[in-house]
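Please look at the sequence and structure first.

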Amino acid sequence: MNVYDSGRMADTLAPLGYRQIDGPEGADMVILNTCHIREKAAEKVYSDLGRLRLLKEAAEAEGEQMIIAVAGCLAQAEGAEIMRRAPAVDMVFGPQSYHRLPEMIARATRSAGTRVLDTEFPVAPKFDFLPATEGPVAPAAFLTVQEGCDKFCAFCVVPYTRGAEYSRPVADIEAEARRLVAGGAVEITLLGQNVNAYHGEGARGQCWGLGSLVRRLAEISGLKRLRYTTSHPRDMDDDLIAAHGEVPQLMPFLHLPVQSGADSVLAAMNRQHSADDYLRLVARIRAACPNIELSSDFIVGFPGESDRDFDATMNLISRVGFVQAYSFKYSPRPGTPAASVENQVEAAVKAERLAHLQELLNRQQLEFNQTCVGRQIPILLERDGRRPGQRVGRSPYMQAVHVDVPEGEIGRIVEVDIVSAGPNSLGGRLMSVNNKLEKGIATAE
Ligand code: 5AD
Ligand code: SF4
C-alpha cells in the first residue's frame, strides 16, 4: 500500500513541478514513506534520516533548500517524536493527509524553519481530493479500494495508524481501474489492510462486497488479471469464494494470513477464528477453485506461545500446503494490547522458531516451484531481466519467471514452458503470445 500511496503523492506533486528522481542526491524534497508494523521498520527510518540530514546540510551550504518529509504510519504514530529526534525534518504527515501536500509544502517553503506536522484523521476521505493518475502505468498496477481496519488483532498497530475501515465507492474504483488499463495495466491488485471486508457503495446506492466489485472490474476490457490483498479469514464470504470459481480474471492465488496454528494463540491474538475454522475455510475455497494456491503471514513468539503451540503452527503449514509466506518474530508495538502482557517469549526462542518455520515454508515453496517444471503457464511480462533479451514476468501464482523474449513484449501475457525451478523463481521458454489480437498485432505462434 505504501507503493500505491507514494504513486498518489507523486500524482499530487506533479502539478507543482516536481518529478521523481532515482535517489536523494540533488533532490528538492525527499519523502520517506514509512511503516510502523514492526520495530525494525521504524528503526530504519531514524537511520535513513541521519544520512539525509548530511545531504540537506550539504545542499544548504550551497544555498539550496532540501525539504525532508516523513509520511506514512510511523509519522502517524510518532509524529511529535520524529520532530523532536530529527530536527532536520521539515514535514511529518500521516496516511490520511497526502492530498494536503501542496498546502504543507507552501507552508514549509514560505519561510525557512517552518515545520509542519499533520496527523489529523480527516472528516472527508482523502480519495475525493487526490488527483487522478495520468499517463503510462506498469503492467501490474495497484489500486487501493479499502483502508483501515476494525479487527484489532492484539499485536497490530494498523487500526491505530490507518484508522477505522473505509471502503471507496465502486464507481470511483471502476473509473480508476479504467484509467490504469488505458495507461497500460494488464493486471490490477486491489489493496486494503483488510481488503475482503470491503463494503463500498455500489450501483444504485446499495452496499457491495468484494465479490461484486471483482465481478464488475472483470468486465473491463483489457484487464486480464485481478488479485486482492490482504484478506482476513473472517471476511471470506460465500460470494467472494464463488467468484474464485467463476471469474477467470481472478488469479488462483490467495494471500490469506492465519498468523498461528494454535487455538490458544489465535484467541490471545484476537483473530476471531480457530485453526479448524481456517482449515474448513480453505476447503471451501478449494472446492470453488480447485487449482488455487495459498500464502500466509505468520508471527512466531507471540506472548504465551509454547513449544506445543509452535508445533501446531508447523502442522497447519504442512496441512494447508502454503506455497509462499511471510513470517516474522513477534515485535511488541507501543499501544497495542499484546505489548504490555507479561509472558513475552525470549528473543532466542523466537529466532529458533522462526528459522524452523522458514525452513519448512521454503521447502514447500521449492516443492511447489518444482511441480511447475514441464507445465505451460501464462506469464505477464513485467520488466527487463539482467541478460539482454531476458524478461521477468509473473505466473498466476506470483512466481517470478525469467524468460527469453524478443524486444517490446513487456505488458503482454505469454505462454511459457517452465524448464527450471529455484527457491524464489522459475525459468521458462516462450511458447506463444496470446493477447496480441486485442492489440491488433499479427502473431506467430
Ligand atoms: N509483530 C510481528 N509481526 C507483525 N505483523 C503485524 N504486526 C506485527 C507485530 N507486532 C505481521 C502480521 C501481518 C503482517 C502484515 O505483519 O503477520 O499479517
Ligand atoms: Fe492488523 Fe490485519 Fe489484524 Fe487488521 S486484520 S488488526 S490489519 S493484522
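Predicted model: local features only at pLDDT ≥ 70, side-chain atom pairs only at ≥ 80, totals over all residues.

Residues are numbered from 1 along each chain as its sequence is written, chains are lettered from A and ligands numbered from 1 in the order written, and side-chain values use heavy atoms, with hydrogens and water left out.

**Nonpolar cores**

- A nonpolar core is a set of buried Ala, Val, Leu, Ile, Met, Phe, Trp, Tyr and Cys residues joined through side-chain atoms within 4.5 Å.
- Buried means under 20% relative accessible area, exposed over 50%, and partly exposed in between (1.4 Å probe, protein chains only).
- The largest core holds 56 residues, and Ile-188 and Leu-190 touch the most other members.
- Helix 10 (residues 275-288) gives this core its largest share, six residues; helices (H or I, at least four residues) and strands (E, at least two) are DSSP runs, numbered from the N terminus.
- A second, separate core has 20 residues, among them Val-30, Leu-49, Met-66 and Val-89.
- Beyond four places in sequence, the residues that Ile-188 touches include Ala-141, Leu-143, Leu-223 and Arg-225; contact means heavy atoms within 4.5 Å.

**Asp-297**

- Asp-297 sits in strand 13 (residues 293-300).
- Asp-297 is buried but has no salt bridge (a side-chain nitrogen of Lys or Arg within 4 Å of a carboxyl oxygen of Asp or Glu).
- The nearest side chain of opposite charge is Arg-38, 6.9 Å away; Lys and Arg count as positive, Asp and Glu as negative, and His and the chain ends are not counted.
- The side chains of Asp-297 and His-255 make a polar contact of 3.1 Å.
- A polar contact is a pair of N or O atoms within 3.5 Å; within protein, one must be able to donate a hydrogen and the other to accept it, and residues adjacent in sequence count only if both atoms are side-chain atoms.

**Ligand 1**

- Residues around ligand 1 (a heavy atom within 4 Å) include Asp-297, Phe-155, Phe-328 and Lys-329.
- Arg-38 places a polar side-chain atom 2.8 Å from a ligand 1 oxygen atom.
- Gln-259 has a polar side-chain atom 2.6 Å from an oxygen atom of ligand 1.
- Ser-331 uses a backbone N or O atom, 2.7 Å from a nitrogen atom of ligand 1.

**Thr-119**

- Thr-119 lies in the loop between strand 4 (116-118) and strand 5 (140-144).
- Thr-119 counts as partly exposed because its relative accessibility is 23%.
- Thr-119 and Ala-75 are 44 residues apart along the chain, with C-alpha atoms separated by 7.5 Å.
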